[in-house]
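Good morning, and thank you for joining this group meeting. Please have the sequence and the structure open before you while I speak.

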Amino acid sequence: MIRIQEILDKVVATNKNANLELIQKAYVFAATAHAGQVRLSGEPYLSHPLAVADTLAGMGFDEPTIAAGLLHDTVEDTSVTIDDIAENFGDECADIVDGVTKISRIPFDNKEEAQAENIRKMILAMSHDMRVIMVKLADRLHNMSTLDFQKAYKQKRIAQETMDIYAPLANRLGLYVLMRRLEDMSFKYLRPDVYNLIDHWLDAHQVVEKRIIEKVVAMLKDFLAGAGIEGEVYGRIKHKYSIYKKMQAESLTLDEMHDIMAFRVIVKELKDCYTALGLVHQQWKPVHGRFKDYISMPKANGYQSLHTTVIGPDGERIEVQIRTEEMHRQAEHGIAAHWLYKEHGRINSKDLAQFSWLNEIFERQREEADSKEFMHALKMDLFQDEVYVYTPAGDVKELPEGATPLDFAFHVHTKVGQHCAGAKVNGRLVPLGRVLKNGDTVEIITDPARNPNRDWLKFVKTAKARNRIQHYLRTEERQRAVQLGREMLEKEGRKVSLNTAKAAKEGQLAIVAQDMNFDSVDELYAGLGYAHVTPRKVLNRLYAVLHPEGAKEPGKEAEGQEAVQEQPKTKLPAGGVSISGVDGVLMRFAQCCNPVPGDPIVGYISRGAGITVHRADCPNVPNMEPERLISVHWEGTEQEEEKPYNAGIFVICRNVSGTMAAVAQVMADAKININTLSVKPLVDGRSTMHLVVEVKNTTELYELIESIRKLPAVLEVVRDDENADNTGAAS
């Protein structure tokens, strides 16, 4: 068990004026609170907070943070309260302990939701004080080191959570030492077979690797000395999980692995970095495409270094990293390095401009109500590698690998993304879905009349862009539903001499909305637009409000007024579409947008081909000749025989067994026929599905989409008109 004196020694090493009394007092307090408690390993419980505090002290954190590390479990596992912590150790320490405690104190219905909401709470606590996440990461590090004492199923669950969230978060915060340890410990439990294979292989080759490392280190030192550069050189074998990832990415066996050694050159001055790089390239042949300059273009977490891979003295590929002492401190401890130079020790996300991605996460967690949606977006932020592109003004922007000009537009500003009409990359017009490469210069063309559409969701890669597009579509869809619902109710009201617009103005419709459990009249209109309620039902309720004496018999006349009557069924014209003032005209549905009953529509007079019916929001409509556009509408909702319409659905899901069967079962339960189905696996463990199904209207289509969206393996579902073919539905 770690001794308190070891922790105090580490604190003094970075801050000779540290308040050691606060840490010693926290130690005594924690020892008293946890007296008699033991861990699964059989050790006294106090060994855990001591280990957490030791990690924080080694990273150079301030005294309140280290004290919070000692006290972080007292509120959750003993009778101690936050007020007790504040009274004895001050509000600053109490706030950190409170933030860590809140992460694990929320009851949930299922494990998936629990994990999602816990991470969400962690991010919320993090936004208040960054030190909360540091204590949590140190806590997870020690728990991982004692995972042998947990049951097998818990080992895998905790290791997977660590690999999915905590290790990537440590990476994004620049805590590389912590990240490597978390990854290797998680790897040990998630793939014990491969972990042991790599471990034994490294043991068998350690003599040879050690000899090569010593030789290269000596040569690098000679290069520096010969050029009069003062610096230090270190060599190491890459960590096990890093080796495994390279094997997977390049389909290599262990015996085919060559560049598993990494060397670090640490110099005093910035200019010496580039001089040392020149010396390395002069002596050894560089590998094409394996040089990265993170000094001129730092990573989002502030990491700076020169990386190059060369063919070493024995023909082995070796990686050399070159950086200054200050860059090295940042590289090893990331965000924690900033505490070493703060006068008062306190720092939060607002102080760190280079962690702009964190501000986006904080903003998103406030906007996104669904915890699982937030988790999906968070993983997109944490896992992606970076690509660096330029604005026309020469500013560098960091985006995830695979990002597009549309992601760039939303990264610049939400309004730029929403009104993005086109993009130029390196001076040439390109599609919005083109994948950006390092060094590209991107210029966005905007148009105030252009707005997001669902097709954009198919190729955007950043969580920010996806979140903003979905928010717009939800808002726009609701506005359309409100407008459609209002028009439907007014039209049906005119048939039975009920002025619904007047009823809305005078408040009678508000009474109906409240009676039908809608929050407002607009919510009632939206319910009509989404087909959650019928105009006939609303009008019957409205009639009852206007004529309470006749409410008992809403289907009959009362005092000379015509009650709301069910209209006789009428057979729709071909295709179920009516043209204002025109009968018997040949009509067909446009295959570019595939309208389905319930969609707002518009007609276009085609030369020699009658009327082509488009969705009102079809991207082709703005480019059509205005004088050839005519008003069309769906003629009611009842037919003698309901004709099915083809509609496309695009699904992004995790590539797990049984997903296709689950989707098919949803179709079967809804009694909906699948015309075509194609599945394409992606390299990142996901798959895409393109379906063409037969539906009767938009209500049925969107209810189906919602049912698919609820499946555990499904990540995103959108309407996909490009893959639908309405042959047979057109007339």
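This is a predicted model: local features need pLDDT of at least 70, side-chain atom pairs count only at pLDDT 80 or more; totals for chains, interfaces and linings use all residues.

Let us begin with the helix pairs. Helix α2, residues 20–33, and helix α4, residues 63–71, have axes that come within 9 Å and cross at roughly 10°. An angle under 35 degrees counts as roughly parallel, and α2 and α4 are therefore described as roughly parallel to each other. On the α2 side, the residues that take part are L22, I23, A26, Y27, F29 and A30, and they meet E63, P64, I66, A67, L70 and L71 of α4. Sorted by class, this contact has eleven nonpolar residues, no polar ones and one charged residue.

The second pair is helix α11, residues 176–190, with helix α14, residues 240–250. Their axes lie 8 Å apart, and the packing angle is about 70°. Angles of 65 to 115 degrees count as roughly perpendicular, so α11 and α14 are roughly perpendicular to each other. Here E183, D184 and F187 of α11 make the contact with K240, Y241, Y244 and K245 of α14. By class, there are three nonpolar, no polar and four charged residues in this contact.

I turn now to the glutamate. E492 is located in helix α21, which covers residues 463–495. Is E492 buried or exposed? Its relative accessible area is 15%, and E492 is therefore buried, given that buried means under 20%. Setting aside neighbours within four places in sequence, E492 is in contact with P535, R536 and L539. With R536, the side chain of E492 forms a polar contact of 3.1 Å.

My last topic is the salt bridges. How many salt bridges are found in the whole structure? The search finds 21. One of them joins the side chains of D139 and K136, at 3.7 Å from N to O. These two residues are three apart in helix α9, residues 131–145, so about one helical turn separates D139 and K136. D139 is buried, at 8% relative accessible area, and K136 is also buried, at 10%.

D272 counts as buried, with 10% relative accessibility, whereas K271 counts as exposed, with 59%.

In a further salt bridge, the closest N and O atoms of D455 and K458 are 3.4 Å apart. D455 is partly exposed at 28% relative accessibility, and K458 is partly exposed at 23%.

Note on methods. Residues are numbered from 1 along each chain as its sequence is written. Side-chain values use heavy atoms; hydrogens and water are left out. Axes are lines fitted to C-alpha atoms, for helices over the stretch in contact, and angles run from 0 to 180 degrees between N-to-C directions. Helices (H or I, at least four residues) and strands (E, at least two) are DSSP runs, numbered from the N terminus. Angles under 35 degrees count as roughly parallel, over 145 as roughly antiparallel, 65 to 115 as roughly perpendicular and the rest as oblique. Contact means heavy atoms within 4.5 Å. Ala, Val, Leu, Ile, Met, Phe, Trp, Tyr, Cys and Pro count as nonpolar, Asp, Glu, Lys and Arg as charged, and the others, Gly among them, as polar. Buried means under 20% relative accessible area, exposed over 50%, partly exposed in between (1.4 Å probe, protein chains only). A polar contact is a pair of N or O atoms within 3.5 Å; within protein, one must be able to donate a hydrogen and the other to accept it, and residues adjacent in sequence count only if both atoms are side-chain atoms. A salt bridge is a side-chain nitrogen of Lys or Arg within 4 Å of a carboxyl oxygen of Asp or Glu.
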